[in-house]
Amino acid sequence: MKYNNTRELRDWVIFIKTIEKENLSLAARELGVSVSTVSKAISRLEDYVQTMLIKRDARNFEITSAGHIAYSKAKNITESFQSLLSELQNPELLIQGDIKFSVPSVVCQLLANHWTSEYIIQNPMARIEIKSQELFEFNHDVKNFDHVALQYGNIQRPELVHRELSSVELISCASPEYIKKFNTLDRPDNFEGHTLLMVDNCNLKDNMIFSKEDEIVFLDKNHKPSIKSNDFLALFNLLLEGKGLLLGTPKWLALTHIRDGKLVQIIPDWKLANIPVYLVWMHRPYYSPLFLDFINYVEKKWNNFNQVYLK
């Protein structure tokens, strides 16, 4: 069977997407083509290699052993081809193109927006899409090379490449108005009856562990009464309005408000473990000049911010 090289590469891209979605319709939707186009592309490949890659009918989708081998090899080949095109199109290694940067909402609204604005002034041929996301899903599309995320908490997916940044120091806070209404708060197990504002994020531990010298106190995130949210700024605004205690507040976020007298640090002798912070991305055989420059830039901005601001 003769094959058009351009169409063959496109058929392999369709095959890769179909394997990753495990569904012809979902693959078609993401690629912006019809289900018939996906089906015909896979059939052409099967005719070309003279073996079945996917057993498929109206109810079943099963990848054959040949299909698994084809997926692994084809993914490497198509990514290498894409990297070749990128190098040929940009032999001077200019900082140009598109990159997606996913960050937690509080970092997005207060830090990352300023960093990216500064970056595109320095690199006017770059385009950056900032995504405010607590959890990140990386697209396996071979064209989507440049996607990096800044993540709080432990790495959940072992296949992700990661670079550790300065960790986040946590403190507990309340407004002066809230403290006036209640007795002095001197221990983390003296919070019965208080409204606790709790961050709900599956990357973080279920229990908060407070330590003071040799004493340890565990506080369940399901402690009642409480308000939980995965949007940290929503909780932080309630904190400023005197609506509760926010345990585990990033020190960098609270420090200015403490200095201005709008917040008070409570139980300062009781320490919470710092939250690890990482830059994470999917492994690729080729990284664009933009990607490599941008992750170094973000690492420098984050680490410098923590060193200078928190002195």
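What follows is a walk through some strands, ring pairs, charged pairs and a surface patch, all in a predicted model.

Let's start with strand β5, which covers residues 147–152. It is mostly covered, with 6 of its 6 residues buried. In a regular strand, side chains alternate between the two faces of the sheet. Here His147, Ala149 and Gln151 point one way, while Val148, Leu150 and Tyr152 point the other way, and all are buried.

Who are the partners of β5? Strand β3 (residues 97–103) runs parallel to β5, and 3 bridges join the two. Lysine 100 has histidine 147 of β5 as its bridge partner. Strand β15 (residues 275–282) pairs with β5 too, in the antiparallel sense and over 4 bridges. There, tyrosine 152 stands opposite valine 277 of β15.

Strand β8 spans residues 196–199. Leu196 and Met198 point one way from β8, Leu197 and Val199 point the other way, and all are buried.

With strand β11 (residues 226–229), β8 pairs in the parallel sense over 4 bridges, and leucine 196 has serine 226 in β11 as its bridge partner. With strand β12 (residues 245–250), β8 pairs in the parallel sense as well, over 2 bridges. On that side, the bridge partner of leucine 197 is leucine 246 in β12.

## Rings that meet

Now for the aromatic side chains: the structure holds 10 aromatic pairs. Take phenylalanine 101 and phenylalanine 294: their ring centres are 5.1 Å apart and their planes sit at 85°, so this pair is edge-to-face. Phenylalanine 101 lies in strand β3 and phenylalanine 294 in helix α9 (residues 289–309), so the pair ties together parts that are 193 residues apart in sequence.

Threonine 116 has its place in helix α5, which covers residues 105–122. Its relative accessibility is 6%, so threonine 116 counts as buried. What does its side chain reach? The side chain of threonine 116 reaches the backbone oxygen of asparagine 113, at 3.0 Å.

## Charged pairs

Side chains of opposite charge can pair when their charged atoms come close. How many salt bridges does a search of the whole structure find? The search turns up 11 salt bridges. One of them joins the side chains of glutamate 20 and lysine 75, at 3.1 Å from N to O. Glutamate 20 is in helix α1 (residues 5–21) and lysine 75 is in helix α4 (residues 65–89), so the pair ties together parts that are 55 residues apart in sequence. Glutamate 20 is partly exposed, with a relative accessible area of 22%, whereas lysine 75, at 14% relative accessibility, counts as buried.

Aspartate 98 counts as partly exposed at 47% relative accessibility, and arginine 127 is partly exposed with a relative accessible area of 47%. Elsewhere, arginine 187 and aspartate 189 form a salt bridge whose closest N and O atoms are 2.8 Å apart. Arginine 187 counts as partly exposed at 24% relative accessibility, and aspartate 189 is partly exposed at 42%. Arg187, Asp189 and Glu215 are linked in a network of salt bridges.

Last stop: the surface. Which residues make a nonpolar surface patch of about 300 Å²? They are Ile209, Ile216 and Phe218. Isoleucine 209 belongs to strand β9 (residues 207–212) and is partly exposed, with a relative accessible area of 34%.

Terms used:
Residues numbered from 1 in each chain as written. Predicted model: local features only at pLDDT ≥ 70, side-chain atom pairs only at ≥ 80, totals over all residues. Heavy atoms only, no water. Buried < 20%, exposed > 50% of the residue type's maximum accessible area, 1.4 Å probe, protein only. Pairing = 2+ DSSP bridges. Patch = residues over 30% accessible without salt bridge, like charges linked within 9 Å, V, L, I, M, F, W, Y side chains within 5 Å. Areas by Shrake-Rupley, 256 points an atom, 1.4 Å probe, with all protein chains shown as cover. Salt bridge = Lys/Arg side-chain N within 4 Å of Asp/Glu carboxyl O. Phe/Tyr/Trp six-rings, centres within 6.5 Å; stacked < 30°, edge-to-face > 60°. Polar contact = N/O pair within 3.5 Å; in protein donor to acceptor, adjacent residues only side chain to side chain.
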